[in-house]
Structure formats: structure tokens, C-alpha cells
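Me: I would like to go through a structure with you. Could we begin once it is on screen?
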Amino acid sequence: MHRALKLVRRRALSSIPVLLIVVTGTFFLLESATGDAVDAYLVSLGGGDAELARNLRETYGLDQSAWSRLWLYVSALARFDLGWSVAFNRPILDVILERLPNTLLLMGSATALAFLLGSLLGIVAGARPGSGVDRLLSVGSLALYAVPSFWLGLVLILLFAVQLRWFPTAGIESIASGKSGFDRAVDIARHLVLPVCALGFIYLALFLRMMRAGMAEIWRQDFVLAARAKGLARRRIVLRHIARNALLPLVTMLGLQAAAMLGGSVVIESVFAIPGFGRLAQEAVAARDAPLLMGIIVMSAILVILVNLLIDLAYAALDPRVGQGERRT
Amino acid sequence: MFRFSLSRRALLYPVALTIGLAILPLSPAAQEAPEGGRLVVAADSEPRDLNPAVVASNGVFFISSKVIEPLAEASYEGEDGLEPRLATSWEGSEDGLSFTVNLREGVTWHDGEPFTSADVAFSALEVWKPLQNLGRIVFSSLEDVETPDEHTAIFRFSEPTPPQMIMKAMPAVTAVLPRHIYEGKDIATNPTNTQLVGTGPFKFAEYRPGEYYRLVKNENYWSEGEPQLDEIIFRVLPDRSAAASALEAGEIHLAAFSQVPLVDLERIGQVPGLEVITEGYEALTYQLVVEINHRNEALADRRVRRAIAHAIDKDFVVDTIFLGYAAAATGPVPKNAPEFYNPDVPVYDFDVEKANALLDEAGYPRGDDGTRFSLRLLPAPFFAETRQFGDYLRQALAEVGIRVELINNDTPAHIKAVYTDHDFDITVSPPVFRDDPAISTTILVRSGIPNGVPFSNQGGYENPELDALIDEAATTVDTAERVALYNEFQRLVVEELPLINVAEWSFTSVASEKVLNVGNNPRWVVSNWADTALEP
């Protein structure tokens with residue numbers, strides 16, 4: 001436990017410069033794009049005169065220089081103040097916190113699906129490398145990996161929502177249904193099935209391939225030979241000796257994928273009309289709402305840092321060698 | 001033997017899991033709440049605030065028009081093309097210095113307070129004139145609003161203001177706000193802007209960002225027996241294909257504003273129970289316009305502009321880009337505004353030879369590679385059709401030896417490049433015709449407009465004759481005289497071609513056949529839907 005705390009503290013300190021770099025980078029990237037939040041807003045009005053534009057720029061501090069705006073933003077951030085959104089005309093923290101649970105739910109479920117089903121199928125494929133089942137799963141997963149997630153999402157909608165009507169086409173829950181407790185959870189779960197599949201299936205292939213490759217490698221190792229010579233049941237060899245050893249790189253992959261999935265959810269959230277983080281980021285860019293976008297990115301960075309911290313902790317638990325290395329430093 | 005059993009088992013788990021996932025929901029995904037009263041409509045955007053008195057835009061009206069009412073609404077049959085709402089009658093004075101409105105009696109706000117002329121005076125002086133994007137034009141010379149009694153409001157102007165323009169502007173510009181809620185507070189930041197309080201047939205109930213808006217029936221609505229519906233839900237569906245899928249799955253009843261793309265209309269029109277409706281948008285006409293930067297030496301030559309007009313095949317644009325859901329334009333006023341439309345203007349037929357001849361005459365011969373000169377074209381990114389027309393224009397101009405470099409930007413970058421930086425040669429723009437040339441059209445060609453005003457003359461065009469005509473029409477009170485001036489305005493614009501009008505189009509709705517009274521006025525999508533009903 002003491003070891004874990006030390007790890008957390010070290011990670012928290014080292015993430016501050018990372019966050020600063022991320023914030024500055026985002027700010028200047030968005031700054032280099034032509035047009036500002038007021039330009040975007042005036043279009044939504046269908047036009048406006050020069051005085052209106054000037055007043056709006058003054059209100060939101062957009063008439064100041066880029067450096068002074070960055071300084072204002074960073075100093076507010078140091079006080080944990082994310083600022084005011086121009087696009088939504090509301091505090092950024094409110095906007096973000098409203099959407100965070102949906103994204104966490106979507107990403108968490110998709111990651112769980114990809115990891116569990118992926119490693120399970122990987123074990124099936126890796127149990128008999130080169131067999132017919134292995135080939136089928138490998139080709140199938142590769143095909144799935146090659147499919148763009150928005151296309152998969154649209155096909156799932158057409159098939160399971162429009163034709164078969166098993167699931168709703170979009171949204172996170174039924175509109176103003178008045179449901180609560182268990183009924184509401186079931187309702188949300190039903191809305192999530194298609195988006196989670198669309199997002200999860202793409203990454204499933206990665207875990208499957210990785211598991212299978214790792215197992216194929218370990219099959220050739222001496223301790224496996226020894227275990228077989230000992231007369232251990234094949235099932236025991238596969239699960240205890242091979243699969244467990246092949247699982248470690250997958251855990252690393254899990255941390256890396258958390259960031260990638262955050263990106264993938266932009267598309268899925270738009271296709272399935274789920275009010276989440278990804279869609280919010282897209283809206284922030286379209287509206288040139290720099291503080292909102294930076295808020296989202298800071299929050300995402302924290303999320304990724306947290307996930308990787310958890311992964312490290314899990315790693316230490318799974319592989320005793322990691323813990324020893326930690327103690328030495 | 002055991003080897004086989006292991007892999008079979010391992011194989012069975014995921015298979016069982018997948019099947020389990022697939023059969024988990026046994027009941028079909030129909031709407032949970034009882035039907036009959038709840039209309040579910042697709043909304044493709046969430047406006048920043050919903051106050052129609054401050055922001056006169058279709059995105060805002062779509063939702064807010066059910067809650068907050070204007071003085072009068074557009075109508076197919078009514079006198080002056082209007083139907084009374086909060087006003088029962090209106091009349092302008094001969095000198096154009098006053099406009100008297102008689103207000104409906106017995107109307108109450110959603111919070112129970114009575115609606116009076118003080119609300120109208122407050123809205124006009126504190127909101128429409130100083131704050132609203134269109135009201136700033138229409139009420140620019142409004143000095144005072146007198147309220148001799150609770151149900152009369154007299155608008156006083158410092159300059160003659162044509163009553164025709166005020167009447168044309170009433171549906172879009174005169175949404176009345178409750179004075180008792182807004183007075184003495186900053187209007188632009190008032191929280192009521194997202195929790196509307198009005199006099200309309202529906203009350204604002206709930207907004208779940210990213211999910212839906214919910215409106216409920218106003219039991220005390222002034223019109224007996226209305227509204228018919230118990231509830232309206234605006235469901236946020238940002239993806240274009242999402243609206244079509246949700247319609248087909250029966251999850252929503254209506255998608256307006258062409259949320260179902262043109263290419264899908266033919267297919268979806270054949271789905272049983274759904275119909276494509278083009279009525280109800282006549283007063284929301286969009287114009288496909290080639291805007292021109294007259295700072296470019298070649299484009300400053302009228303012959304070059306005429307050559308470009310001759311190079312465009314308008315029928316092709318209407319048939320191929322708009323799939324027939326549009327009309328070829330003849331000038332700056334669309335045919336949908338018959339009281340202003342002047343068909344008697346110069347015509348530029350599709351004629352490549354003539355275009356080539358004009359360009360030769362203007363002194364731009366073809367070079368060795370067949371090119372005369374090149375232009376930067378910035379198509380507006382707001383509609384698929386404006387981008388597609390940009391692609392077409394590039395090819396059409398290549399035919400006459402003008403090389404076009406296409407520059408595609410997103411919305412804020414496009415606005416900045418064209419309307420502030422003037423960093424373009426030609427642009428494809430979709431201005432809205434707002435029922436009176438003085439509100440929406442003259443600004444596209446009038447000189448002297450400061451930089452940074454979107455959808456205005458930022459091409460550096462200056463024509464004193466045209467400016468004088470525009471200014472005279474703006475203060476001409478007599479309707480017939482005014483119309484004559486705008487007829488001349490149209491002729492002059494088409495002759496000089498400061499910009500080129502290519503087509504006029506509006507939106508389509510796709511609705512379930514169960515929805516009744518769809519499209520029964522020229523601004524139906526942005527009107528109050530008091531008579532809209534749902535068959536059980």
C-alpha cells in the first residue's frame with residue numbers, strides 16, 4: 001500500500017508539466033486556426049453588425065493578445081477554475097461534468113468488451129496456433145479491425161435498430177421516461193449496446209491478435225515443454241502457464257488504448273447522438289471555444305494519467321518483478 | 001480427447017456471450033410514454049441561448065416560437081400575408097413616423113402575469129432595437145413606444161419607416177418578452193433566455209443538454225381549443241443519418257430543415273408511413289449566390305462578371321446539385337416574394353461561347369495552357385449544396401479558361417477570410433431572404449459597411465447610383481412607390497452584377513403521416529404549432 005501511495009504521488013507531480021505542455025500546445029494550435037468564437041457565433045445568428053461583434057469580443061476578452069489570454073487561462077486553471085464557455089454561455093466545469101459520465105460509461109463498457117472478449121478469443125486462437133479456429137478468428141478480427149467505426153455504427157443501426165428494432169437508434173436513455181433505479185439502468189444499458197459494440201469491436205481485434213501472438217511465442221518456451229512432460233492437463237497449461245504470461249502486454253495495451261478510445265468516441269458519440277466528451281470536443285473546435293477545448297483536453301489528460309496509474313498498480317499486482325524494480329529506485 | 005473438449009469450451013464462452021448480448025432485449029424499442037399527445041421532432045443543433053427577441057435565427061425560432069410569440073405570423077391567406085398573434089390589428093401612418101398596434105386582450109404570461117402594451121414597449125425599446133440582429137435594422141430610427149392604454153402600442157420613429165417593412169418583419173422580429181422578468185436586469189445574460197417564459201401555446205419544461213428540449217401544453221392559451229398536443233420533444237440528433245434512421249425506426253415523428261439529406265429523400269419518401277413535405281418554408285428562402293471581390297482587377301470589369309454568369313448552367317445546378325428541390329434565380333429577390341419580385345431583368349443564358357467572347361473582349365486572352373487568369377474560390381461550408389456548387393463552379397469556369405483554386409475552410413475560418421480579411425476572389429454564399437429587401441438584401445450590395453459584418457457587401461463594391469436607390473427605398477413610405485424602387489433595384493443589380501444569383505431553395509420536412517397540419521403557413525417550422533396534432 002505504501003508503495004502504491006508513493007507511485008501515486010510521483011505520478012501526480014510528474015503530470016503537472018505534462019498538463020502545462022498540453023494546455024499551451026492546444027491553445028496555440030487553436031490560435032493558429034483562422035476565425036474566433038465570435039465569428040462562429042455570428043454565423044449561428046445569421047449575421048450581425050460590427051458593433052455587436054466588437055462588444056462580444058470585449059465581453060469574452062477576445063480583443064486581448066494571445067499571450068495575455070493564455071496567462072489568464074493558466075492562472076485561473078491553477079486555482080482549479082476552468083472558466084466560462086463562449087459556445088454554451090455556461091461555466092465550463094458544469095458543461096464538462098454533465099458529459100463526463102456518459103463518456104466514461106461508453107468507454108468503460110467498450111474497453112471491457114474489447115479486453116474481455118478479445119483476450120478470451122485470443123486464448124481460443126492461441127490454444128492451438130495454426131488450427132482452423134485460429135485462422136478463422138485471425139482473419140475475422142483483422143477484417144473487423146479494418147472497418148471504420150462510424151461505418152460499423154451505421155450498419156449496426158440499420159440492422160438492429162431500423163430493421164429488427166431490437167435497440168434504439170440513438171441517445172443515451174429514453175426521453176423523459178420518468179424511469180429510475182433498476183429500470184433506468186436497464187434502459188441505459190439497452191441504449192449503450194450498439195455504440196459499445198461499434199466502439200469495442202474495433203479494439204477487440206487488437207487484444208485478440210496480441211493475446212494470440214503472445215501465446216504462440218510462449219508455446220515454444222522450455223517451461224511449457226517441462227509442464228507438458230510433467231503430464232499436466234492441456235487446459236491447465238493453456239490457462240495457468242501460457243495465458244497468464246501472455247496477459248501482461250495486454251494490460252499495457254489497455255492503458256494505451258484508453259487514450260485512443262477517447263478519440264474514437266468522438267465519431268461514435270456523433271453517430272449515436274450520445275452527449276459525451278468526444279462530441280463536446282468537436283463542438284468546441286467548430287465554435288472556436290478555446291477555453292472549453294482546453295478544459296476538455298485537461299480533463300482527458302487527467303483521465304489518461306489516472307488510467308495509466310491504475311494500470312501500473314495492476315501491473316505491480318500481476319507481476320511481482322515490477323514491484324521489486326520500484327523498490328530499488 | 002480432453003484437448004478437443006478444451007478448445008470447444010473456450011470457443012463456446014464467447015459464442016454464448018455474443019448470443020446472449022443479441023437476445024437480451026426481447027421487446028421492440030418503441031416509445032415508452034403513451035402516444036397521442038407527444039410529438040417528437042429531430043433538432044440538429046442546440047442554440048447557445050433561446051431568446052428569439054435577441055437572436056432572430058431559424059435555429060432559435062425552431063424551438064422558441066412555440067413558447068414566445070410575435071405580434072403576427074406569416075400566412076398563406078391572411079391580409080398582407082399575415083395572421084394576428086399578440087396583435088389583433090395594426091396600421092402605419094401616412095408620413096411613416098408612427099405605427100399603431102392593437103393588442104390582444106386576456107392574454108397571460110406562463111407565470112400568470114397579464115400581457116400588456118408595456119411588455120411590447122419594453123421589448124421594442126430595450127431588446128429589438130438595441131440587441132436583436134434584425135431588429136437593429138428594422139427599428140433603427142425607433143424613438144419611443146407610447147402606451148395610451150394597456151392594449152395599444154404606438155411606435156414613434158424619427159425617420160420615415162415604411163409600414164410594409166414593419167409588417168414583413170413582424171413574424172421574425174417582434175417576439176415579445178415579459179417585462180416583469182427582464183426589466184432592470186442584463187437581458188443578454190438573463191437565465192430566462194434558456195428557461196423561456198412567454199405567452200405561446202407551449203411552456204418550456206426542461207432542457208437536457210445534448211439530449212432534448214421538452215415543451216408542455218399551456219392550459220391557459222388564449223386561443224380556445226389550442227394547442228392540440230400535450231408535449232413536444234426536440235430530440236438532439238447531430239448526425240445527418242441519425243434523423244433518417246430514427247424516422248424509419250419510428251422513434252421520431254418529424255425531421256425538419258432538410259435534416260434528412262436530399263439524396264436520401266427519394267428512398268425515405270417510399271418508406272410506408274413517412275412523407276416528404278416541401279410546404280411551410282416559403283418565407284425562409286435561401287439564395288445561392290456567387291459573391292465577388294471587386295478589389296480583384298479582372299472581377300472589377302463588368303464584362304468578366306457577365307462572362308461568369310454566362311458560364312453557369314443554372315438548370316444543371318437545380319437538377320443535379322439540388323435534385324430539383326430548388327429554382328433557378330433571376331435576380332436578388334426570389335420568386336417566393338411575389339410582391340417584390342421583378343421578372344423584367346437582363347437574362348444571362350448558359351452560353352460558353354458568349355462567355356469566352358466577353359472575356360476576350362475584356363482583354364484576358366487564353367494563355368498557352370488555355371488559361372486566362374486564376375481565382376481563389378471559397379465555398380461557404382454551411383450546406384452540402386454550397387460546397388458541391390463550389391466544385392461545379394470550378395469546372396464551369398475551367399470551360400471558359402478561368403482556373404479556379406478551391407479553398408475549403410470550416411465555418412469560423414470562412415467567415416474571417418471573406419468578411420473580415422477579404423482574402424478571396426469569389427465565394428459561394430447562401431444568404432437568407434427575410435421577406436423584405438430592406439432587411440436582408442440591400443446589405444449585400446450597399447457600400448460603406450464596416451469590415452467584419454458577416455453576410456454583407458465585403459467585396460468592396462461601390463455604386464453611387466445603387467446606394468442612392470437603396471437609401472431612397474429605405475425611407476419611402478408609400479408601398480407602391482417602394483415596390484417600384486425595389487423593382488429598379490433588382491434590374492440595376494442584375495445589369496451590373498455586383499454578385500451573381502444562381503438559385504433559390506428552401507428546406508424539406510420528412511414527417512410521419514400521423515402528424516396533422518404540417519406546413520400550413522409559410523414559416524410553419526418556425527411558427528407556434530398550436531394546431532399541429534398527432535393521430536393516435
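Predicted model: local features only at pLDDT ≥ 70, side-chain atom pairs only at ≥ 80, totals over all residues.

Me: How do the axes of helix 9 and helix 10 of chain A cross?
Reply: Helix 9 (residues 222–229) and helix 10 (residues 234–271) of chain A have axes that come within 11 Å, crossing at roughly 155°. Angles over 145 degrees count as roughly antiparallel, and therefore helix 9 and helix 10 of chain A are described in that way.

Me: Is that crossing left-handed or right-handed?
Reply: The crossing of helix 9 and helix 10 of chain A is right-handed.

Me: Which residues make the contact?
Reply: Helix 9 of chain A contributes A:F223, A:V224, A:A227 and A:R228, while helix 10 of chain A contributes A:I237, A:H241 and A:I242. By class, that contact has five nonpolar residues, one polar and one charged.

Me: Turning to the chains, how many residues of chain A are in contact with chain B?
Reply: On chain A there are 60, in contact with 56 residues of chain B.

Me: Which helix of chain A gives the most to that side?
Reply: Helix 5 of chain A does, with eight residues. Several helices of chain A each supply at least two residues, among them helix 2 (37–45), helix 8 (181–219) and helix 10.

Me: And by class?
Reply: The side of chain A that touches chain B has 36 nonpolar, twelve polar and twelve charged residues.

Me: What does the domain assignment give for chain B?
Reply: It gives domain 1 (8–46 + 201–282 + 507–534) and domain 2 (285–505). The centres of these two domains of chain B, taken over C-alpha atoms, are separated by 37 Å. Their contact takes five residues from domain 1 and five residues from domain 2 of chain B.

Terms used:
Residues numbered from 1 in each chain as written. Chains lettered and ligands numbered in written order. Axes fitted to C-alpha atoms, helices over the stretch in contact; angles between N-to-C directions. Helix = DSSP H or I, 4+ residues; strand = E, 2+ residues; numbered from the N terminus. Parallel < 35°, antiparallel > 145°, perpendicular 65-115°, else oblique. Left-handed = near helix turned anticlockwise from the far one by under 90°. Contact = placed C-beta atoms within 7 Å. Nonpolar A, V, L, I, M, F, W, Y, C, P; charged D, E, K, R; others polar. Domains from an automatic or database assignment.
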